[in-house]
Amino acid sequence: MKHQTSSRIFRGMALMLFAFVVDATAVAQKPVRVACIGNSITYGMKLENRERDAYPFQLQRMLGEGYEVGNFGKNGATLLRRGHRPYLEQEEYRQAMDFAGDIVVIHLGVNDTDPRDWPNYGDEFVHDYMALMDSLRSVNPKARFIVARITPIADRHPRFQSGTKQWHEEIQKAIETVAAQSGAELIDFFAPLYPHPWMLPDAIHPNVEGAGLLAKTVYGAITGDYGGLSLPATFSDNMVLQRRQPLELHGTADAGSRVSARLFTAKDSVVAQAEAVANNRGEWSVHFPALRTAEGLTLEFKAEKQTGKKASQKKVQAKTFRNVAVGEVWLCSGQSNMAFRVCESLGGAEDAARAADDGLRIFNMKPRWETNNVTWSAEVIDSVRHLQYYKPTTWETATPENVLQLSAVAYHFGRVLRDSLRCPVGIICNAVGGSTTESWIDRDMLETRLPVVLKDWMHNDYIQDWCRGRAAKNLGLGEGIPSIHISGNTQDFNARHPYEPCYLFEAGILPLEHFPIRGVTWYQGESNAHFTEGHEKLFRLLVRSWRQYWNKPQLPFHTVQLSSLSRPSWPHFRDSQRRLAEEMNGVDMIVTTDVGDSLDVHPKNKRPVGERLARISLVNDYDFNLLPTGPMFQAAVVRDGEVICRFHNAEGLCTSDGCAPRTFELAGADGMFYPAEAIIERGRVVLSCVEVPEPTLVRYGWQPFTRANLVNADGLPASCFKAVVR
């Protein structure tokens, strides 16, 4: 009897233990619930198959069986409780509460840019956001919260300029405040989509590919998997680090990885080292102090990620870059006259033959496809649309072979700096033939400061006819300016082109990822010479854009004035370039009218251009005691019926051919100019003209292709100018 009783007790205990094990296994195998809270972007509005392609469904496929992703997006929902459609009052919110997610991803705020909402109730945004999180936490106290900076609203949106953009930016800051105050993890839904406006067909809702970028962003935040240690493409063997300024080096790694950076000599003597931890977005950055000139260094990065409880259970990745130098790094950019190669230039073969120099390093970004007068294939158009315009490249030391393919202006600029500074010099070149000023400016700058340039750019008079026509040809839209129409809020055509506003900033500047540089040489303007006044606005924005991008308010800009060519608008444009350089801090200009070609927009004598850029840099950036440029107009005054012109940089003022100064002209009140007789006296030019007894205006070199001959002691030409006589 006792034995039977004991057996029953044992069997009962065994059944209870079995049930416990089953329950524990079930708990262990229970998928992690991911609740995606949001508006129509989360819901998948405008997607043909939203139940397959909305970002939560794409996320489910990425995460796999260990997760259960719920889509609780509500079309038109606002975060604000007093907004026009509060999320807290929707059925999707109640479903999310029942779901009780272990991980909660929130993307709300886009609809709060509505004028019914943000102007009236914006002050309540942070409070309402925190209240939403508290309510979701009440059904799962251990929930992990991930809040997203909101997706872009493109400039095509009808309310973009009437407050939407400004309110959008204010909401982004409010979301960052929510993350900081609540301890929630912050991710970015804005940055992945912003350079790809075509992924927002109606200016708001991502297409399938755009939704995939959002899913990938959330996947990385949840898993911490960012593909391991990665650095910008500008990191390679033979790279040059900018000397004499603190350096921030950055990249990505799996979240939580401890990243160490070490710069050391061939004898393993440490020059600099630093550590950082990758955040939940996989981002890390390390800081080196200002470095001295050096060569033959090794730069090593290591990322260590704990993979188990034991100290030895670590995943270690390393990237090593050899023959690293510390010196001067310059970006050489612009359009075809900057892109013009050594092999095409006057004396190029001889220059390249003696170009071997381990201390001159080249990062030559060459386009995969030129913008020649051809129609691109569908594959090319798709690659360009995805910003895959430049060929992959690495840093190389200068050799006769690779110098032949480098910009001639950039080469001669770097060569003179190298000879004069006696330090390593790194040249980054990303010039693109025919490119417009506006194509090199960042999107936010144009949206904020000059949005008219972005509007239907293929029919926009801000953009030169030739550029729009060539883009149309490349994209297969015909020989002339294409007939593209906008239907509602949706632009039917979504291809992109290097001449498009913002394109080359997004394809050619963003990939540099803030690589430290000393300054910029800029040779561009031919594709904007049709509209001098417009270029004056655009050039100021370009300089501001790049200085903001590199966080260097005084980033030097050395510019090239357009050369001589038989195009009527060019004297006006050249004078505008002169005035811009005169007015803008840290911007200067060299003159090239003496090496122009009346029939060729690409004059072949590039050596003087590069050497003059180097000269002005040596003076203004490195304190060399040289004349920086040719004579630059200072003032014109009347004395005894004659006009006296004074110049800066006028030491040894003379003419290039020993003849009297040519191309000076005077005008009276009627504005009609007549040739003036000119003589040089005591470093000044004295003018007289019998046809103009009371001169009020003076100009010099005011011909599209000019034979102007005024120079200084170093043979540097004077700039054209037009000015009032005082």
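Modeller: The axes of helix 18 (residues 532–549) and helix 19 (residues 570–583) come within 10 Å and cross at roughly 30 degrees. That angle makes helix 18 roughly parallel to helix 19, because angles under 35 degrees count as roughly parallel, over 145 as roughly antiparallel, 65 to 115 as roughly perpendicular and the rest as oblique. The model is predicted, so local features need pLDDT of at least 70 and side-chain atom pairs pLDDT 80 or more, while totals for chains, interfaces and linings use all residues. Residues are numbered from 1 along each chain as its sequence is written, and side-chain values use heavy atoms, leaving out hydrogens and water.

Colleague: How do you know which residues make the contact between helix 18 and helix 19?

Modeller: Contact means heavy atoms within 4.5 Å. By that rule helix 18 contributes T532, H535, E536, F539 and R540, and helix 19 contributes H572, F573, S576, R579, L580 and E583. These residues divide into three nonpolar, four polar and four charged. For the classes, Ala, Val, Leu, Ile, Met, Phe, Trp, Tyr, Cys and Pro count as nonpolar, Asp, Glu, Lys and Arg as charged, and the others, Gly among them, as polar.

Colleague: What is the handedness of the crossing of helix 18 and helix 19?

Modeller: The crossing is right-handed.

Colleague: What makes strand 25 and strand 30 edge strands?

Modeller: Four strands form an open sheet in the order 25-24-28-30, with antiparallel pairing. Strand 25 (673–675) and strand 30 (721–724) each have a single partner strand, so one side of each is left without a neighbour in the sheet. Neighbouring strands of this sheet are turned by 25 degrees against each other on average, direction ignored.

Colleague: How do you know that strand 24 and strand 25 pair?

Modeller: Two strands pair if DSSP finds at least two bridges between them. Strand 24 (residues 664–667) and strand 25 have three bridges, in the antiparallel sense, so they count as paired. E665 stands opposite P675 in strand 25.

Colleague: Why is R422 called exposed?

Modeller: Exposed means over 50% relative accessible area, buried under 20%, and partly exposed in between (1.4 Å probe, protein chains only). R422 has 67%, so it counts as exposed. The residue is in the loop between helix 14 (408–421) and strand 15 (425–429).

Colleague: Is N323 buried, partly exposed or exposed?

Modeller: N323 has a relative accessible area of 30%, so it is partly exposed. N323 is found in strand 12 (residues 314–334). Although not a glycine, N323 has a positive phi of about 55 degrees.

Colleague: What makes N207 buried?

Modeller: Its relative accessibility is 17%, so N207 counts as buried. N207 is in the loop between strand 5 (185–188) and helix 9 (208–223). Leaving aside neighbours within four places in sequence, N207 is in contact with L47, W198, M199 and P201.

Conventions: Helices (H or I, at least four residues) and strands (E, at least two) are DSSP runs, numbered from the N terminus. Axes are lines fitted to C-alpha atoms, for helices over the stretch in contact, and angles run from 0 to 180 degrees between N-to-C directions. A crossing is left-handed if the near helix is turned anticlockwise from the far one by less than a right angle, and right-handed if clockwise.
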